[in-house]
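Could you look through them alongside the structure?

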Amino acid sequence: TLEWEKIPAIIKDFSDTETASVALIENLQREELSSIEEAHAYARLLELHDLTQEALAQRLGKGQSTIANKLRLLKLPEPVQDAIMEKKITERHARALIPLKQPEFQVTLLAEIIEKSLNVKQTEDRVVKMLEQNKQKPKP
């Protein structure tokens, strides 16, 4: 034991919202967070404080585009988010899927990325090809 009688400390009275914010910010500073966990934390902070992405970015010392890119991941279907969490694909792979819009296409390409170990450039090329094929289909 250190046998200290006193320690330097700052004691603050926080509301529940402030306590939640401090916990989220401390969590964000851990390096092992997945991009999905980070995105959920950003979304929660935006909600707790009714902030804009720009205001949150300034408070956290991040770029607004960083916040926006993470939040976009939350719009992807659950299998894609799970694949990021399980480190089967990278955040960049996931972001490459966003232009496909339809969840079924995103999940189909996700399976191909994993099965064929596609890199991000190959994934982006497949997205372009899928978008082109989709445009050429005759509309009823």
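1. In this predicted model, helices α1 and α2 cross with a left-handed sense. Their axes, for α1 (residues 16–28) and α2, come within 10 Å, at a crossing angle of roughly 155 degrees. Angles over 145 degrees count as roughly antiparallel, so that is how α1 runs relative to α2.

2. Who touches whom here? On the α1 side, T17, A20, S21, L24, I25 and L28 make the contact, and α2 answers with E38, A41, Y42, R44, L45, L48 and H49. By type, the residues of this α1 and α2 contact split into eight nonpolar, three polar and two charged.

3. Next, α2 (residues 35–49) and α3 (residues 53–60): the axes come within 10 Å and cross at roughly 110 degrees. The range from 65 to 115 degrees counts as roughly perpendicular, so α2 is roughly perpendicular to α3. From α2, the contact uses Y42, L45, L46 and H49, while α3 brings Q53, L56, R59 and L60. Sorted by type, the residues where α2 meets α3 come to five nonpolar, two polar and one charged.

4. Last, have a look at α2 with α5 (residues 78–85). These axes come within 8 Å and cross at roughly 115 degrees. Here α2 contributes S35, I36, E37 and H40, and α5 contributes Q81, I84 and M85. The tally for the contact of α2 with α5 is three nonpolar, three polar and one charged.

How values were computed:
Residues numbered from 1 in each chain as written. Predicted model: local features only at pLDDT ≥ 70, side-chain atom pairs only at ≥ 80, totals over all residues. Heavy atoms only, no water. Axes fitted to C-alpha atoms, helices over the stretch in contact; angles between N-to-C directions. Helix = DSSP H or I, 4+ residues; strand = E, 2+ residues; numbered from the N terminus. Parallel < 35°, antiparallel > 145°, perpendicular 65-115°, else oblique. Contact = heavy atoms within 4.5 Å. Nonpolar A, V, L, I, M, F, W, Y, C, P; charged D, E, K, R; others polar. Left-handed = near helix turned anticlockwise from the far one by under 90°.
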